[in-house]
Each structure stands twice: as structure tokens, then as C-alpha cells.
Amino acid sequence: MSFSQFTPDDYRKIDEAYASLMQVASTRCKDEAEVDTVRRAFEFANQAHKNVRRRSGEPYMLHPLAVANIVVTEIGLGCKSICAALLHDVVEDTAYTVEDIRNLFGDKIATLVDGLTKIKTVLDNEDRKGEAATESLQAENFKRILLTLNDDVRVVLIKLADRLHNCRTIEFMPEHKRDKILSETMFIFIPLAHRLGLYSVKSEMENIWLRYKEPEDFKRISERIKGNIASRDKDIDTFIAPIEQALRDAGYKFTIKKRIKTPYSIWYKMRTKQVPFEQIYDLYAVRIIFEPSDNTIQTERGQAYLIFSTVTHLYRENLGRRRDWISQPKSNGYEALHCTLMSHAGFWVEVQIRSKRMDDIAEKGIAAHWAYKNDGYISENDSEMDKWLAEVQDILLSDDVSALELLDIIHKDLVSSEIVVFTPKGEQRAIRGGATALDFAYLIHTEIGNKAIAAKVNMRLVPLSHALKAGDQVEIITAERAHPKMEWISFLQTRYARNRVIEYFRSDFDNIAKDGKRIFSERIRLMGLKSSKELLRKFQDYSQIRDEKELYFRIGLGLLGPEEFKAIINEKDFSDGQRRRSPSREENIHAIEYRIAECCHPIPGDPVIGFSASENLVMVHKKSCPIAESLASKYGNRMVVPQWMAVQQEYPIRISLKGIDRVGMLNDITSFISRTLGINMRKLQLSADGELFEGFIELLVRDKKNLEHMVEGLSHIDGIQDVIRTDI
């Protein structure tokens, strides 16, 4: 922030932004008194931020005005939240206190501002004060953020609006600060927006993340999308016309919207499925939003299914992509019917069917969900969000996980999807995606889990470690004399089930702790280290366990396995390196060793990010690497802008190929790489299935231009259909 006298143009911009806010805020205020409260909040904040500017040079007051606008238009909150958004930076950035806010605007607005101030303080701590953060600071920060979910979820919703506006103006940040903000956003705020049902907020954050983390991919995909819209727009209109006519003839009140997949969602699918743009088949979607004839769940659902029947009668359906989120809504309250239909022009179109209420909840998430609930429009699934919030509180208040471990648990919980499975009697049960049959057993009852010996999934006998899929019918087989086994901990996916097994083995605490002490000593020896009080304390700090025997007990159970040992030792390296130097700048470039990360294998030309692991060592990751996102969320103060591009060496990459097989194909590929480009291959693997082939090549390249030249040349070889860079 900077200070300089405002110009007439600055005041004009503030007045215009305020007028725009009041136009939408007045529709959310219950009476003139609330409108006046919003007006007073603006005047107070405007005076407090007078002559203060953001990094962009604009008046600072434009930021809280923009956040308040997002709070109203994109999240759907009311008067108190609007006021809190306008006031959210006053306590942190000026001499005013929370008590001043309380005296002027009442207790509830003051409480919201206080929560937002605490979040801002902990997130910005190392940037504002230049202090070295402890190794668990970032995790503790997010813990405090999530704890506010249980105090008043509006604090988190306003914070999401604040983060969205910061993302919109992120171009004015220095690169290392920008990367830190984007990594925090991807690791915690985007999943949080998803879990709270704020899909438009989530999508915009994702696209901003991609624009700065993978700018070339973002530009390329955006251009392809524009080209597809231009060529397909009339075809989509032709697809919609019979649907509109059929629904109009049936007497429905409705609107139809067109949309195309976002650049991020396309990029993510290309990356995870390892397919080119041409193989993204659900690029287009049509949304039907209807107004039910009366406000009852039965009528609303019945009409949704009738519309579904009407639409699927007009076009051929891809049955494998049918999704019923009405009979079993998602845990964040999302309800809709999805089907994928073949247009007469020969491409697939996803059709989403929602009532007006369902659409409001899909767009505004938890705020709309509770608004309808308060208006008496209650469905049998209203407890799902409350149940998830209770589970979050249980995790946050637990004493048996460290701050860093807790951050990973929360992240996994935020990004995990739920599936629906069935009991032998056909009753539905929602469980985390990836859960096993044993997790399901403990979901039903602790005793069923404790006595489980096997399971039947869809009438087929499977082991307890069997991963469940959506729609599975699960029967647990028990035996009276059966009991939990220690190896169960290694494959259980839900925290609840793992805790039940841990509690069972506490009866044999001393013997298990004795085994754990022996395992600890042996693993430390194999890692080339000597056991010491300092090292033991490191393990205790990581696990937040003060009792030495309790630590050994958890090691004996397998809760701290070889991977955790490696992670803890690496955490120690990070911590030691932090004490030796500040990583925010690189004083002596030539003395620093840049080492490429094995998880993502970046090459010169990739957008990259660095993490200072010690005084002279920087680990270089691709900016979009999930491991880098996790590290940045925990060690944001150790991020650096790497200068490794000047290092002359070759880097390993993998290129995946698909195409139509023919005689001489292999010779043409190897000839192009070895003779034309003069590059030695490290590994070549191709396999044919009938007339088709697929496989990959691993080789060394100097930089991204070298890679792009190779991909371009391979794509012109007769018969090769797809050439993409994939992870090694």
C-alpha cells in the first residue's frame, strides 16, 4: 500500500463503485434501516482508507467495495455481511479497533470483522513483518481459518470473496507473492469454495490460477474454445430448439442457458486423462432451469424427472454419463439431473436440469441453501452440510494430529468426492470416494467393523481392503471371534474407521510401544542418522505428541511408516535451512544449486517455482505441480523465483503417443528422434492392439523449445494421432 492525495478521478471511481454496490445491496436489505447501516459502513471505511492506494495505484477503498459486491451478487449474503466486507480491512490497516466497530455497528458485524482480521493477520504474517515462520505456521493459519466455519460460516464466505478479488488483481503482485497467493488459493480456498457450493467463485479462481501457473496452456486452450464456440454456436442453438418447443408444449415455465467447459476444467481433464483437446467430449452443456408449479419437494422433483424424460426422448443418451443428484444430493447441497445427449450434428452435449431453487443453491452454495431452509423450503437432505461442518470441527479439535498433518487431512477432505453405495436391503449410504469395504463396515457400526472378516460387493466375495465404487451393493461378513488387525490401518481411508482400530489396540499399549521403539531405532539407523533427543523431539513436534511412549505406540501401529519418516526428516531439513538464511531473495546466484524435483520433472521454459531447502539448495518444481502447491501452502515464506534457466544440461521428459499402426511406424519414430534431432532415447515402449498402437518415449531434452520441436515433428508422422507430454 502507498499514500498520496486522491484526485477528482479517484473520488469519481469510488462514487461509481459505491453506487453500483448500493443498487444490488438494497435488494438484499430488509428495510431502510439496513440500507442506512450499509451506507454508514461505507462512509466509515471510506474515511479510514482515505488517500491510501493499492499496489495497482487505485484507491484502496475500491477493494472493500469490490469484495462487498461479490458478497452480494455472487454469494448472496445480506446486510451484516455487506457491512463486514466494507469494514474488513479497517482494524488491520488503521488505528480503529474491533471495539470501535462494535460501538458503531453492533456485536454481530464486529464479530465478523474480528474473524476476518484474524485470518488476514495470520495469512500475511511473514510477508508483513519479515519474520521467519515456524514450520507449522501456515498449517496453523489454515486451522484458524477453518475453525471460523463453526463460529460463523459467513466469515469464510466473505474471506472467499476477498480472495477472489485479490486473484482478479493479482497481476500487480511481485512474482513470488503471486505464486504464494495462487498456491494457497489452489490448495485450500478453491476446494473450500467447492465444498461450500460456490461453483462460480471456484471456477473463476481456477482459471486465474491456470492463467498465471501455465500461461501457454491457458492461452492455447482459450483460443481453441473460442474457435469451437464460433463453429458450434449454431449447432447448439439447433440442438436446443426441439427441447424448447417440447417443454413449451408441455406448459413448463423455464429458461435455457448455454455454457462451455472452462479452460481450467479442460486443462485438468487433458492432464489427468492424458488426452488431447480433441478428446474432451463434454465441452458443451445446456442448463434447463424451471419454476415448479408449487413449492413442494415432491412437485419439484416430479417435474424434474418429467423434463428429463422429455429431453432424453428427443436425443440418444450416453447412459454411462447419467447423474442423479436429486435423489441423492451432493454433501454441499448440490441438486440436479445430468444427462449427456448426442446432437444431430454429431457431438455430445451435457444437459443439466434444475429447478430455480436448485440453480440458486448451485450458484450461491451454502448461503442460498440456508436461505431456502429459513424460508421453510426444507428437504430431507438439509442435514448434509451441517453434518460435514460437524466432521470438520471434530478433526480441527482433535489432539492426535500435528498441524502439518491436519492441513493434509483437511485438504483431502475438501477435495474428496462422495459416492453412494447400498446396503443389502437397498438403503443408500454416502461415503468418501476411495473408501474400502472395511470403512463401510465401520460406517454402519463399530462392532460390525471390529468383527468383519470379508465382504460381498455386488454379490461377489472381496477382501476388506476392496475399494468401493458408486452404486455398489455392500454386505459385510462377520465372525463372532474376529477382531481388528494392525494391518487394517494401512488401507483404511476414513478417519473415523482408523480411530476405531487405534482405540481397539490401546489395550496392548505397552507391547506395541516397545515394538515401535525398536522400529524407530532401526529406521533411523538405515537412514544414516543417529538417534538423539533432538531428532525424537522433531518426531514429537510433527505428531503433536508430548508423551514419548505414545509416539512409539503410533510407530508400532504403523501410523508413522517409512514415508512419514522420510517426510519428517525432510521437514527437519526445511526448518534447518530456514534458520540459516532468508529465502525471499537470492543474494549469490552462482553459489546456489538448482535441483529439479523428481515429482514433476520441469525443464527450462516451463513456468517454475523454487523452494529453498537449505542455504545453497533450491528445489525447482513446475508451478502447476500438486506437490509444489502443498509445499507453498505450508512453506510460503520459503518460495523463491529460480534463476536456473542458465544451467546447461539435459532434462528427462516423457512423450506419450497414440495412433494407427502400420509397417515401418517404429522405424520412422526412432529415425526422427535419433537422426533428425540427434537425441538419445532412454526408453521406448509401444504396444499394438489390432490396428491401433499406443506407448511412450522417455528422453533427454535441453529446454521446452527442444520439446515442442519434437512434438511438432512426431505429430506429422503418418499414422500418429496424438502426441502429448505426460508425467514420468
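Predicted model: local features only at pLDDT ≥ 70, side-chain atom pairs only at ≥ 80, totals over all residues.
Local features here need pLDDT of at least 70, side-chain atom pairs count only at pLDDT 80 or more, and totals for chains, interfaces and linings use all residues. Residues are numbered from 1 along each chain as its sequence is written, and side-chain values use heavy atoms, with hydrogens and water left out.

I begin with the helices. Helix 1 spans residues 8-28 and helix 3 spans residues 62-75; their axes come within 10 Å and cross at roughly 25 degrees. Helices (H or I, at least four residues) and strands (E, at least two) are DSSP runs, numbered from the N terminus. Axes are lines fitted to C-alpha atoms, for helices over the stretch in contact, and angles run from 0 to 180 degrees between N-to-C directions. Helix 1 is therefore roughly parallel to helix 3, a term for angles under 35 degrees.

Which residues in helix 3 meet helix 1? Leu62, Leu65, Ala68, Asn69, Val72 and Thr73 do so, and their counterparts in helix 1 include Ile14, Leu21 and Arg28. Contact means heavy atoms within 4.5 Å.

Three strands form an open sheet in the order 12-11-13, with antiparallel pairing; strands pair if DSSP finds at least two bridges between them. Strand 12 (460-462) and strand 13 (474-478) are the edge strands, each pairing on one side only. The twist from one strand to the next averages 30 degrees.

Strand 11 (residues 452-457) is joined to strand 12 by three bridges. Ala455 has Val462, in strand 12, as its bridge partner.

Finally, helix 20 (residues 437-444) lies across strand 11 and strand 13, at about 80 degrees to strand 13.

Technical notes: Parallel < 35°, antiparallel > 145°, perpendicular 65-115°, else oblique.
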